[in-house]
Amino acid sequence: MKLFATLLTIIAATSLPLSAFAAPGCIECHEKETPAAVVQWKESAHAKAGIGCEKCHGTDHDKMLRGEAKVTIKVCAPCHKKAAEDHLASRHSLALQAGWGCTRKLPSRKPGECRFCHREGDETAKIKAQCARFLKQSPEMQEIGCNYCHSVATACDSCHSKHSTSLKIVRDPNSCAKCHMGPDHPQWEMWQTSLHGTLNQSAGRSVGPDCQTCHMPRGSHNVSGGLTMNSGGVPSPAKEAEPERQKMLKICAECHAPTFGKKELERGDAVRAQSLAMLKEAERIVWELNDLGLLDPMPAQRPEHPLSGAKLVTDAQMLYEDTSHIERLFFKMKKYDYARTIKGAYHQNPAYTHWYGNAEMKMDLIDIKAEAARLKERKGTAPTLTAEEELTLLKKKFDRGVLSAEQYSAEKAKVLERVK
Amino acid sequence: MKLFATLLTIIAATSLPLSAFAAPGCIECHEKETPAAVVQWKESAHAKAGIGCEKCHGTDHDKMLRGEAKVTIKVCAPCHKKAAEDHLASRHSLALQAGWGCTRKLPSRKPGECRFCHREGDETAKIKAQCARFLKQSPEMQEIGCNYCHSVATACDSCHSKHSTSLKIVRDPNSCAKCHMGPDHPQWEMWQTSLHGTLNQSAGRSVGPDCQTCHMPRGSHNVSGGLTMNSGGVPSPAKEAEPERQKMLKICAECHAPTFGKKELERGDAVRAQSLAMLKEAERIVWELNDLGLLDPMPAQRPEHPLSGAKLVTDAQMLYEDTSHIERLFFKMKKYDYARTIKGAYHQNPAYTHWYGNAEMKMDLIDIKAEAARLKERKGTAPTLTAEEELTLLKKKFDRGVLSAEQYSAEKAKVLERVK
Amino acid sequence: MKLFATLLTIIAATSLPLSAFAAPGCIECHEKETPAAVVQWKESAHAKAGIGCEKCHGTDHDKMLRGEAKVTIKVCAPCHKKAAEDHLASRHSLALQAGWGCTRKLPSRKPGECRFCHREGDETAKIKAQCARFLKQSPEMQEIGCNYCHSVATACDSCHSKHSTSLKIVRDPNSCAKCHMGPDHPQWEMWQTSLHGTLNQSAGRSVGPDCQTCHMPRGSHNVSGGLTMNSGGVPSPAKEAEPERQKMLKICAECHAPTFGKKELERGDAVRAQSLAMLKEAERIVWELNDLGLLDPMPAQRPEHPLSGAKLVTDAQMLYEDTSHIERLFFKMKKYDYARTIKGAYHQNPAYTHWYGNAEMKMDLIDIKAEAARLKERKGTAPTLTAEEELTLLKKKFDRGVLSAEQYSAEKAKVLERVK
């Protein structure tokens with residue numbers, strides 16, 4: 001089969017001029033207009049297999065110029081079935097809904113954009129994915145700052161070069177680095193300086209595994225296999241997590257003893273659990289200030305959150321503009337430092353787990369407590385609240401489910417005891 | 001011509017001992033004293049063309065030892081005319097004036113140093129370049145922290161290895177990385193993780209362009225071609241920017257459709273414009289605090305700015321020592337985060353544009369507003385100023401040109417109306 | 001001798017099956033259980049020299065499974081004498097005592113752990129090394145966040161791959177990067193973007209030296225040769241520093257003129273001295289607040305420091321959890337920014353010396369002063385203290401040795417003069 005394909009390729013590449021596979025005129029003009037595209041196509045497996053321009057782009061040039069003939073996964077899927085299926089089963093296929101767009105109430109929002117999440121005239125999102133269309137942002141920032149990565153949902157050329165079919169390119173961790181880097185999820189950086197990554201660089205892929213080795217085993221395009229938490233670092237329920245853990249352990253076992261892989265991943269779980277506890281401690285401080293009306297500005301005094309309105313938001317839809325200073329400190333702790341700690345642990349990178357992650361979280365907590373003390377003192381509520389204020393605060397905590405009915409009663413009793 | 005040169009090289013390299021091209025004794029002694037220099041020279045195009053030590057260093061050994069026989073662009077230019085001309089036309093040639101030295105009022109300032117910017121006995125700078133001789137710093141920090149990069153103005157060996165003529169070295173982006181990196185202008189880092197940079201690393205220079213491809217087209221040493229803003233990110237006037245834009249678009253068109261390049265660069269312009277607006281918002285807050293006398297310490301309470309005296313400075317000469325906390329927050333926003341946002345956008349790097357840049361700017365603004373609120377409250381000026389204070393504030397804004405005559409009248413009327 | 005070894009290797013590799021060198025059954029089972037280990041061993045110099053599993057691991061399989069047959073330096077030393085001796089003479093051999101473990105008062109502390117620093121039943125540390133067993137941390141964070149690097153003391157496989165004997169791997173700077181990176185000591189990053197590092201990447205090791213060139217000359221495993229300060233950046237006494245300086249200068253002289261190397265390293269010394277002065281200025285501010293009882297929380301109001309009790313600690317044992325905000329600012333300044341400044345200078349990296357280091361230190365100082373002003377004002381002690389408070393403060397400074405007896409008298413006199 002492979003031989004046959006090779007023969008076909010040789011025949012295709014030698015017996016016919018390449019331009020025979022392109023609609024008349026494409027090559028001649030595009031050698032001048034988009035020279036790199038033509039060069040790369042000519043060297044591609046597509047060209048060698050006789051797949052010309054029109055197969056992917058169609059023949060309606062006006063449509064192409066209007067940007068309406070984009071080569072999305074719909075174009076690629078008929079030939080690359082397995083890859084497309086894997087991709088659609090992975091989190092990569094959710095990226096569009098999760099991150100597409102960051103504009104808020106701007107006149108420049110284009111009419112058709114809403115369709116990504118909503119049916120015509122329907123305000124409910126048509127899919128369960130969260131929508132991050134939250135920030136005051138221009139369409140240009142949306143394009144480069146959001147869509148550039150989040151278009152991976154339907155754009156195969158997020159990873160694959162547009163006209164090159166080079167596997168060398170797409171199997172290189174650099175291909176992943178473009179998006180999986182930076183303060184919020186430096187997977188590329190933490191792999192690069194882990195034992196796996198450093199061995200990869202000094203001794204090659206067979207000794208030091210790369211992104212693809214563990215996250216795209218045997219070329220699978222389902223990059224979510226083996227993950228036991230969501231993209232925000234919240235652990236999956238055990239019954240969802242367990243089968244994924246087994247998948248990853250099988251990959252570990254290709255090099256390591258099964259007990260070794262198990263121990264390494266369980267260490268990651270433990271680091272995640274303790275880090276999450278620290279994060280929750282900080283979150284409670286922010287909520288208490290909100291209950292006391294001490295955030296500055298309070299949610300009611302600033303532009304509304306587009307999903308939740310004039311309320312404090314500290315979940316995955318948390319904003320990082322127009323909030324109070326302490327919320328911004330919590331944003332850093334959650335989105336940057338918590339992510340580094342746990343992803344660092346699962347990637348066996350000591351510096352990311354500890355210094356970039358855990359140590360920063362500990363210092364974030366110091367900063368958050370200091371700011372909370374300042375805010376309380378400012379309004380004269382420190383060191384003590386009035387009994388009435390304390391009772392209101394306890395009620396709010398109970399309403400939010402932070403206190404159980406029992407805890408609520410007990411705390412209330414203590415306050416009443418004090419003022420008696 | 002090229003053949004002739006090659007022949008000459010072969011003859012030179014084979015028929016004569018290399019030391020024949022060096023002044024008697026140089027090689028013998030320097031093989032022991034500076035072994036790497038000799039090894040690299042022996043393998044260099046210079047050695048092969050019969051260019052020995054004395055051609056660049058002269059023959060006065062005492063002068064060399066006193067550091068007075070430095071091999072600057074003056075030595076290189078007679079043979080490398082085009083490169084030197086290009087370089088002198090570029091911003092690289094301004095680097096000396098813009099950054100040379102960071103010492104302030106220190107006894108260790110060497111007498112001759114002033115000549116870089118001033119004529120003997122003349123306090124006015126002899127060139128239009130800004131002078132950053134501002135910080136309390138030792139000559140040693142000046143050397144490694146400032147001059148190491150800023151000496152590029154006249155030192156060809158900032159990029160070219162001293163004795164090696166290897167083009168491989170100097171055409172490598174690593175050659176640029178030494179200076180074009182770090183918190184204030186991470187061009188190397190943002191290129192490295194852009195599509196261009198990642199393709200360069202996985203598929204080579206012909207697929208993924210590097211610094212030199214776009215900024216030194218066809219080997220030009222004018223690295224400023226195609227830039228439409230100054231080094232602080234302030235847009236050039238349209239009539240200066242337009243011809244530069246055209247130059248860059250021509251480079252884009254070597255691979256991409258002209259419409260594509262245009263759109264990409266215009267997206268960068270838009271990101272720059274919106275980021276500049278955010279920066280200006282923060283700057284106005286700092287100035288208002290200055291007008292209200294609420295900076296802590298106020299400019300009059302701290303060492304004077306060497307150019308502007310006891311005044312607030314937020315332009316390119318802004319200091320990052322002995323200022324108030326809010327100014328230091330603004331410094332980070334302007335010098336680090338604004339730079340990352342716009343340079344990230346022009347280099348098509350989503351993580352630098354958004355997370356390292358835009359998101360940080362938004363959080364800087366939160367921090368600056370929080371600090372402003374604290375400072376106002378501290379002096380009891382929040383939530384309201386007295387009418388008299390407000391009128392003084394408006395006057396200062398008018399004097400600074402922040403308010404037009406009309407706006408000033410209108411605002412003044414409003415205050416007077418209120419107190420009537 | 002070398003020929004003989006080669007012959008032996010060839011004979012070993014060709015005439016006998018490799019499994020002959022392993023205890024019966026090891027290979028057969030471990031090809032399935034730990035495939036990478038077997039592959040790497042088969043290609044190793046060990047395998048070629050007939051050194052099988054049992055030589056390093058022993059034959060007690062139960063012991064191995066209980067983790068009690070670890071291959072530490074004790075196993076390697078008998079064959080690799082020189083390397084082991086060098087290593088034990090270096091700071092690498094102190095890593096265990098300096099960093100092992102970060103758990104504090106946790107029930108999960110294992111009984112045997114104490115033995116690393118203490119004799120049975122003896123609270124005094126048996127060696128002079130400092131013990132960092134300070135933080136509230138789980139054993140899992142301790143493993144990945146602390147021990148992963150600090151186990152270098154006795155674990156040769158911190159740098160050498162476990163079963164591969166590839167010199168290519170272990171001579172690669174990536175091998176060092178795993179630990180010598182990150183916010184607290186980014187030696188790898190600063191080398192990578194220094195002139196040495198960039199030349200290494202574009203022109204190879206013979207032109208651009210790497211970690212090993214200067215810190216492991218001629219393969220020496222004493223990585224501390226040539227260092228003139230301790231790992232916290234405190235200069236060694238002259239009589240200890242001088243012979244180390246001479247060692248490093250000899251290495252510089254392999255490429256550079258002796259005067260050049262001397263000047264470069266002395267510049268590093270000067271940068272270190274001025275940075276240390278800036279650090280001390282900040283430290284004095286923190287101590288003054290402590291003397292005034294203005295830290296929030298004060299040491300007495302928070303969990304005790306495990307070594308020093310309810311006291312302020314700003315030395316190498318300084319914590320970064322449960323402290324006040326200003327101490328955490330000082331921690332960043334000392335542990336991150338001071339380290340970057342001085343290590344950047346010694347590695348000739350302008351961006352790390354200045355922007356990542358010196359500029360951050362200057363801004364840290366602004367932040368620390370601003371926070372000090374806030375804390376003083378908060379308690380109404382700003383702008384002036386009462387005479388009594390000032391006298392108490394002076395007494396505390398005198399007791400701590402910050403003021404000499406003369407200075408103390410003079411300052412006291414001034415205060416008394418004022419209130420007269």
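Two residues are in contact if their C-beta atoms, placed from the backbone, lie within 7 Å. The model is predicted: local features need pLDDT of at least 70, side-chain atom pairs count only at pLDDT 80 or more, and totals for chains, interfaces and linings use all residues. Residues are numbered from 1 along each chain as its sequence is written, while chains are lettered from A and ligands numbered from 1 in the order in which they are written. By that contact rule, 33 residues of chain C meet 34 residues of chain B.

**Interface of chains C and B**

- Three helices of chain C, α14 (195-203), α17 (258-291) and α19 (350-378), each supply at least two residues of the side that touches chain B.
- Helices (H or I, at least four residues) and strands (E, at least two) are DSSP runs, numbered from the N terminus.
- The top contributor to this side of chain C is α19(C), with 14 residues.
- By class, this side of chain C holds 18 nonpolar, 11 polar and 4 charged residues.
- Ala, Val, Leu, Ile, Met, Phe, Trp, Tyr, Cys and Pro count as nonpolar, Asp, Glu, Lys and Arg as charged, and the others, Gly among them, as polar.

**Interface of chains B and A**

- Chain B gives 33 residues to this contact, and chain A gives 34 residues.
- On the side of chain B that touches chain A, α14 (195-203), α17 (258-291) and α19 (350-378) each supply at least two residues.
- α19(B) gives the most to that side, with 14 residues.
- That side of chain B divides into 18 nonpolar, 11 polar and 4 charged residues.

**Symmetry**

- Two copies of a chain are related by a rotation about an axis and a shift along it.
- Chain C goes onto chain B by a turn of 120 degrees and a shift of 0.1 Å along the axis, with an RMSD of 0.1 Å.
- Superposition is by least squares on the C-alpha atoms of residues with pLDDT of at least 70 in both copies.

**Chain A overall**

- Chain A has 21 helices and 0 strands.
- Of its 420 residues, 37% are buried (20 or more other C-beta atoms within 10 Å of the residue's own, with C-beta atoms placed from the backbone).
- Among contacts in chain A between residues at least 6 apart in sequence, 63% join residues at least 24 apart.

**Helix pair α2(A) and α3(A)**

- The axes of α2 (residues 26-33) and α3 (residues 35-42) of chain A come within 5 Å and cross at roughly 125 degrees.
- Axes are lines fitted to C-alpha atoms, for helices over the stretch in contact, and angles run from 0 to 180 degrees between N-to-C directions.
- That makes α2(A) oblique to α3(A). Angles under 35 degrees count as roughly parallel, over 145 as roughly antiparallel, 65 to 115 as roughly perpendicular and the rest as oblique.
- Ile27(A), His30(A), Glu31(A) and Lys32(A) of α2(A) touch Pro35(A), Ala37(A) and Val38(A) of α3(A).

Conventions. A residue is buried if 20 or more other C-beta atoms lie within 10 Å of its own, exposed if 12 or fewer, and partly exposed in between; C-beta atoms are placed from the backbone.
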